[in-house]
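Have the sequence and the 3D view side by side.

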Amino acid sequence: MKNINPTQTFTWQQLKNHFIDIKDVHIKDFFNTDQNRFSDYSLFFEDEIFVDFSKNRINRETLRLLLMLAQECDLSHAIKNMFLGYKINKTENRSVLHTALRNQLNNNIIIDNTNVSIMIKKELKKIKIFSDSIIDGNWKGYTGKNISDVVNVGIGGSHLGPYMVTESLKFYKNHLNIHYISNIDGTEVTEILKKVNLETTIFLIASKSFTTMETLSNATYLKNWCLLHTKYKEYLSIHFFALCENVTAALNFGICYQNIFKFWKWVGGRYSLWSASGLSIVLSIGFKNFESLLYGSYMMDQHFLYQELPYNIPVILALISIWYTNFFNVETEAIFPYDSYMHAFPAYLQQSYMESNGKSIDRNGNLISWKTSPIIWGSSGTNSQHSFFQLLHQGTVLVPCDFIVPVISHNPIGSHHKKLLSNFLAQTQSLAFGDNIDINSKIILNGIANENKISHKYCPGNKPSNSIMLKKITPYSLGALIALYEHKIFVQGVILNIFSFDQWGVELGKLGANNIFNDFFNNNTNNKYDGSTKGLIQLYKKWNKI
Ligand code: F6P
């Protein structure tokens, strides 16, 4: 992978000039002057996913220049290097091989003289045997009853991906109740313990490092609670499992070896749902459906690896994002899944995008002068329309949006799905084209007609969006969609000349939390902290009567 400053490429200057030419062109003008715009600015992934990127503020010249930028930044080599296991995560000296987890070929992937393909297959086999035994009732709780509940204890990538997939594929779930504990505020543990029967519940301690404060605190509390309330000293060997890279730490916690499901350093936490970290998914939908999820992502990998750049969906979407962040100076991008099952998808993508590309030092160790990750946010539609869409239509900020919808519903009742689709289509339409109100139409302000004022009802349009249609939300199509975004984020990182697979920015806060926690119970905070932190600690102690 070359470390090229994108702003110093030949193409970047051409893009700046092109932006001046195009920035005020309205999306409706693009459609009025190009009858083939929809077909020319949309792409299929098999017969599963359709991406319409025609409602963007781009034209053929924009795409030509953006693709030239990708070539100047040697994107094609970077893609191959990742799949081949090159240590592209240079600050941690690691390969980035979440793609190997879903590889369907029998080829060998060698890292540091180790055939990781064999390790992956071995772990998948262990996951299958275990998940089948829980689902089929062969694995009994300590009193001989079938397992009914699974509690995943994890945070960040050890929570968001598994939770999002389990929720998105709820239609495929079996009889097991899957719960997620992630936060350390005590509430989630307390609420879950009200619900579950310790005789029929298993606990998955999901933590790649097995050192994360929140997860270990929750896990330790649960361990002690279970041992106290069951008075069964072998409880952990039947009901506690670890999903981790740090096997030693899991053993020291008290998880027995055969209850540890492993993944590896070259699997980033936020890219780990395809590994043992996704065990809660397997328990929820069964191993066969999990294999289908893997297969969908694998097929998107093949699209990404072999499709020419102009027809490569993750590449096109990544380039359009770079166009908005670095030329329109857009600060945020929104994700709107028009499906309740996919309600957790925006939160999942927040970590994927912003923990990957929320960087400001480039791959040469220089401070960055261009824009990297936008702020990613979003929520389900149509709910979002009754919350913040006003800003999207008439606000002063430009927010490119991804609208995602399944064309076939799992719950086709009444005319609901047609109404959902109508809203989906109407929103991208009105954002793009606005309304036809003559902006200088007569309006009455304080009872007086004003010829030259602008109607408050005026929606200017020219707000860009991508429309992403899944034929149906299935394990296969969801796997492909997730991989689509993983690769989009990767492409943006390559071109923006950043390292997308480390997350040094989160370490400072973690260290600070440990220091403050230790100081809560002694009084030497006065000379250690700034006035605000010191004052807040004192108020905490006062209100808690510490
Ligand atoms: O947010 C920081 C982070 O390290 C994430 O990258 C990771 O997904 C999360 O914390 C949890 O880490 P672990 O899986 O090691 O508990």
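Is H386 buried or exposed? H386 is exposed, because its relative accessible area is 69%, and exposed here means over 50%, buried under 20% and partly exposed in between (1.4 Å probe, protein chains only). Keep in mind that this is a predicted model, where local features need pLDDT of at least 70, side-chain atom pairs count only at pLDDT 80 or more, and totals for chains, interfaces and linings use all residues. Residues are numbered from 1 along each chain as its sequence is written, and side-chain values use heavy atoms, with hydrogens and water left out.

Why look at H386? UniProt, in an unreviewed entry, lists E355, H386 and K510 under "active site"; such annotations may be inferred rather than shown by experiment, the feature names are shortened, and the positions are in the numbering used here.

As for location, H386 sits in the loop between strand 11 (375-378) and helix 16 (389-394). K510, on the other hand, belongs to helix 19 (residues 507-520) and is partly exposed, at 41% relative accessible area. Helices (H or I, at least four residues) and strands (E, at least two) are DSSP runs, numbered from the N terminus.

Now hop over to the hairpin. Strand 1 (residues 42-45) pairs with strand 2 (residues 49-52) in the antiparallel sense over 4 bridges; pairing takes at least two DSSP bridges between the strands. L43 has V51 in strand 2 as its bridge partner. There are 3 residues between the strands of this hairpin, and E46 takes a positive phi near 50°.
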